[in-house]
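Please read this note beside the model.

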Amino acid sequence: MRTRGTRARYGAVLAAAVLWITAGGTASGAEPEAYSSTTGVGVHNAYEKDKYPYLADALDSGAGMLELDVWTNALGSSWRVSHGNPLGNDNNCENARGPAELRTKARNQSLAGCLADIRSWHDAHPGHRPVLLKMELKDGFLATRQRGPAELDALLRERLGDALYTPGQLAGTSPDLDTAVRERGWPTRSALAGKFVVELIPGTVEEGNPLDTLWTDEEYARHLRTLSAAGRLDEAAAFPAVHRAGAGDPRGRYADASLRPWFVLFDGDAATYTNGTIDLRWYVDRNYLLVMTDAQNVAPAIDGVHPTEAQARDRLALLARAGASVVSADWYPLPAVLSTVVPRG
């Protein structure tokens, strides 16, 4: 149990951290802070209407990560955004064609509509904080119906354009993403102002489907490798993440070793990452991004939606010290926490 004095010390550390990082993501009187050297807060399934009436409200929350669930199966049209309905759209997106249309149109739009809202919000907020846009492909890609990696790239580029920060930009002249981040790291937060970084993870349906042997993470990593070999990495728009926490280098799960250097994002359960069996310095020292989900379940567990602000800030501080880049939960009622950025590690 934490004592009142311990809480006070946490509060002092956090207050100093918030002052230390300016709106542009840099430390006053110090070198600019790399994106991978800070920790922000994310919102699980930010497209749900019971959390935010409109996706623009989620973007206004200040959260450093927003999550969308995407369906691709052949029984529905286009890319759908929904939690439990695989055939249609159930979300707070409205397909705004510009900032003036935000919060004015019918909701339950496709992924294209969600991306249109994100672009419209971006246009209204130049220089906004960098946002990790996490996409769970619930049932994976469906390339046979023009819903594969190349088509997703095309949709993301069409709708978000120069608001994207892409694998090609991170790689630069390096042969792969791993080499790039280990040698140069990620850009500073100020350099990523006004940018979205798209993360892809395999979905719960895909992972539970015994007939699906090529999951989103591996399929998109193959796509990156192919584009790079052809000198076309600039066409890629997203970063695949290694899903679920694991000891050692979790990329060892990919039998094809040539895919491993295309993963520099990792995403899994916070309680598993922090149970003492995983060396979290391995991620911090290599400049990898680490998303810790269900932050509320780390002992001692706190409420997943309505913790006190002090409890949520304590949890953020704890997981930031452990090595998280993003601490994810359903803390949408706490915008002051969602917009907080603290030093990592």
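1. Lys-105 is partly exposed, with a relative accessible area of 25%. The cut-offs: buried is under 20% relative accessible area, exposed is over 50%, and partly exposed lies in between (1.4 Å probe, protein chains only). Lys-105 forms a salt bridge with Glu-101, their closest N and O atoms being 3.4 Å apart. A salt bridge here is a side-chain nitrogen of Lys or Arg within 4 Å of a carboxyl oxygen of Asp or Glu.

2. This is a predicted model, in which local features need pLDDT of at least 70 and side-chain atom pairs count only at pLDDT 80 or more, while totals for chains, interfaces and linings use all residues. Residues are numbered from 1 along each chain as its sequence is written, and side-chain values use heavy atoms, without hydrogens and water.

3. How many salt bridges does a search of the whole structure find? The count is 22. One of them joins Arg-103 and Asp-57 at 2.7 Å, N to O. Arg-103 lies in the loop between strand 3 (80–81) and helix 3 (111–124), and Asp-57 in helix 2 (residues 55–60), so the pair ties together parts 46 residues apart in sequence. Helices (H or I, at least four residues) and strands (E, at least two) are DSSP runs, numbered from the N terminus. Arg-103 is partly exposed, at 35%.

4. Arg-119 pairs with Asp-162 in a salt bridge, with the closest N and O atoms 2.8 Å apart. Arg-119 sits in helix 3 and Asp-162 in the loop between helix 4 (149–160) and helix 5 (167–171), so this pair links parts 43 residues apart in sequence. Arg-119 is partly exposed at 21%. Asp-162 is exposed at 54%.

5. A network of salt bridges links Asp-178, Arg-182, Asp-249 and Arg-251.

6. Is helix 3 mostly covered or mostly open? It is mostly covered: 11 of its 14 residues are buried. Among them are Leu-111, Cys-114, Ile-118 and Trp-121. What covers the buried residues includes helix 2, strand 2 (65–71), strand 4 (131–137) and helix 4.

7. The second largest pocket is lined by 22 residues, of which Lys-134, Ile-201, His-243, Thr-293 and Asp-294 lie nearest its centre. A pocket is an open set of points on a 1 Å grid over the protein atoms alone, where a 1.4 Å probe fits, with protein on both sides within 12 Å along at least five of seven lines; lining residues have an atom within 4 Å of a point. Strand 7 gives the most to this lining, with 3 residues.

Conventions: Contact = heavy atoms within 4.5 Å.
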